[in-house]
Amino acid sequence: MSDSLSAPEPARPAPGDHHPGESARRTRAKGEPRFPDGPRADPAGSHFERRIRSFQPRRSRVTAGQAEALQRLWAKWGLDIDGHGVDLAELFGNDRPVVLEIGFGMGEATAQMAAADPGTNILAVDVHTPGQGNLLNLADRGGLTNIRVANGDAIILLREMLPPDSLAGLRVYFPDPWPKKRHHKRRLIQPEFLGLAATRLRPGALVHCATDWEPYAEQMLEVLTAHPDFANTRADGGFAPRPGFRPLTRFEGQGLDKGHVVNDLLFRRVPHEGRRDH
């Protein structure tokens, strides 16, 4: 729905008047934020920097349940990526290890991993509003207090907001493969990104990537293997079996049934004597 519409706002339905899956779209007055108490549309400001983005924001319908979760839970469990430093212990309310997940879709796998490992905090980043609302809903229903949902550009989060050696792991599952050759520069797993991530990952941190796009899997393996800050956990230097802690998603299962090949990569952050991370 365009923000430029200025028709009178219809009466809001009372809680419980909607059906599951019902769209939460309504007419908003000009300038009215989509979710007054929820994630900001452009937290870092469109003027923050000029560069090629590895993600494509998607405009899609937000259900009433997702909208309610965004309004009710964002102030408690949400983080707008605005370039200001963040204290992870303060954000989560404890000093447990934090794993950064970039791109979580609708959040089902994230919620399952959080439930299976309550001693690890998950900072989950995405720009897809329905997914943000869905993950907040899943966390709330499951009593999962070890999830925080971040809205915005993960590059800004890593570069501007997180201190060195603050992360115990990095997960990038099924990122956009940008299959056309002219778009390969938009792929997230590149040497420059890995160099930035390495400064925020403590020694021994696990980097776990997974993709069902084989050419991208080969590129991931190549750039991770060549990077001096990471070492393959596989003695043969190849792909890893899917570890038990990464759930098999419905989408992935459908792909496997069609003969798609899913490759996992598991690399460790290694310390380098004399290297100065900053």
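Let me start at Gly143, which follows helix α4 and has a positive phi, near 65°; helices here are DSSP runs of H or I with at least four residues, strands are E runs of at least two, and both are numbered from the N terminus. This is a predicted model, in which local features need pLDDT of at least 70 and side-chain atom pairs count only at pLDDT 80 or more, while totals for chains, interfaces and linings use all residues. Residues are numbered from 1 along each chain as its sequence is written, and side-chain values use heavy atoms, with hydrogens and water left out.

The covering elements include α1, α3, β3 and β4, where contact means heavy atoms within 4.5 Å.

Most residues other than glycine have a negative phi. Asp165, however, in the loop between α5 and β5, has a positive phi near 55°, and Phe174, in the loop between β5 and α6, has one of about 50°.

Finally, the charged end of Arg187 sits over the ring of Tyr216, 4.7 Å from its centre, which requires NZ of Lys or CZ of Arg within 6 Å of the ring centre and within 35 degrees of the ring normal.
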